[in-house]
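Subject: Structure handover

Hello,

Here is the structure for you to look over. Please open it first; my notes on it follow below.

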Amino acid sequence: MTTTISWPTRLPLPTYDGYALEPESAVTRTDMESGPARQRRRFTQTPTRIPVRWRMSAVDFATFEAWFRLKLDDGGDWFGISLLGGIGIAAHEARFVGQGNAPYKAVPSRGGAWIVTSVLEIRERPMLDAGALEILLAEDVVVLFSNIQTLHSTLHVGLPVSIRW
């Protein structure tokens with residue numbers, strides 16, 4: 001990641017409620033007068049939008065508001081945040097795009113909590129590389145992970161310490 005601003009560690013990560021990955025299409029389609037339409041790839045990197053929701057305490061929301069304004073220049077800057085994707089929770093580079101004209105929506109809830117919703121745009125989703133994909137396509141994943149666990153147990157549990165490195 002190239003950004004130096006990070007999501008504050010004292011603030012919660014987004015909840016699962018309403019969370020979704022919404023990638024933009026990298027393909028353009030041209031309808032033909034006759035025959036099937038043609039499609040081609042336009043971009044190698046497309047942004048993905050992620051609707052997010054946080055449940056924050058009053059102190060967390062006050063921290064969020066100040067961070068958003070003072071560190072993100074009212075949401076104009078990119079920042080680093082850990083988000084859920086296909087490979088699990090991983091570091092992403094994101095920015096607020098919001099809904100309509102508002103960068104986020106904050107609604108007070110019972111017990112002094114705040115429900116904050118927004119849409120984040122991420123530059124590139126972390127995912128498997130070509131080599132990992134080939135392994136997963138060629139192998140039975142359950143058997144592969146079982147063999148890895150067996151090897152780990154043999155090397156780190158079963159062998160005497162004098163034989164290990």
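The protein has three helices and eight strands. Helices are DSSP runs of H or I with at least four residues, strands are runs of E with at least two, and both are numbered from the N terminus. Starting at the N terminus, the order is β-β-β-β-α-β-β-β-β-α-α. The radius of gyration is 22 Å, well over the 15 Å that the globule rule gives for 165 residues, so the protein is more spread out than a compact globule. That radius is taken over C-alpha atoms, and the rule is 2.2 Å times the number of residues to the power 0.38.

Two notes on the source. This is a predicted model, where local features need pLDDT of at least 70 and side-chain atom pairs count only at pLDDT 80 or more, while totals for chains, interfaces and linings use all residues. Residues are numbered from 1 along each chain as its sequence is written, and side-chain values use heavy atoms, with hydrogens and water left out.

Overall figures

The C-alpha trace spans about 60 × 60 × 30 Å along its principal axes. Of the 165 residues, 26% are buried. Buried means under 20% relative accessible area, exposed means over 50%, and partly exposed lies in between (1.4 Å probe, protein chains only). Take the contacts with a separation of 6 or more: 65% of them come from residues 24 or more positions apart. A contact means heavy atoms within 4.5 Å.

The charges are 17 positive and 17 negative side chains. Lys and Arg count as positive, Asp and Glu as negative; His and the chain ends are not counted.

T48

T48 sits in strand β4, residues 48-56. Its relative accessibility is 1%, so T48 counts as buried. The T48 side chain makes a polar contact with the side chain of R125, at 2.8 Å. A polar contact is a pair of N or O atoms within 3.5 Å; within protein, one must be able to donate a hydrogen and the other to accept it, and residues adjacent in sequence count only if both atoms are side-chain atoms. Leaving aside residues up to four places away in sequence, T48 touches L21, E22, P23, L120, E121, I122 and R125.

L13

L13 is in the segment before β1 (22-23). At 39% relative accessibility, L13 is partly exposed. L13 and L83 are 70 residues apart along the chain, yet their C-alpha atoms are separated by 7.6 Å. Beyond residues up to four places away in sequence, L13 touches W7, W54, I81 and S82.

Best wishes

Conventions
The place of a charge is taken as NZ of Lys, CZ of Arg, CG of Asp or CD of Glu.
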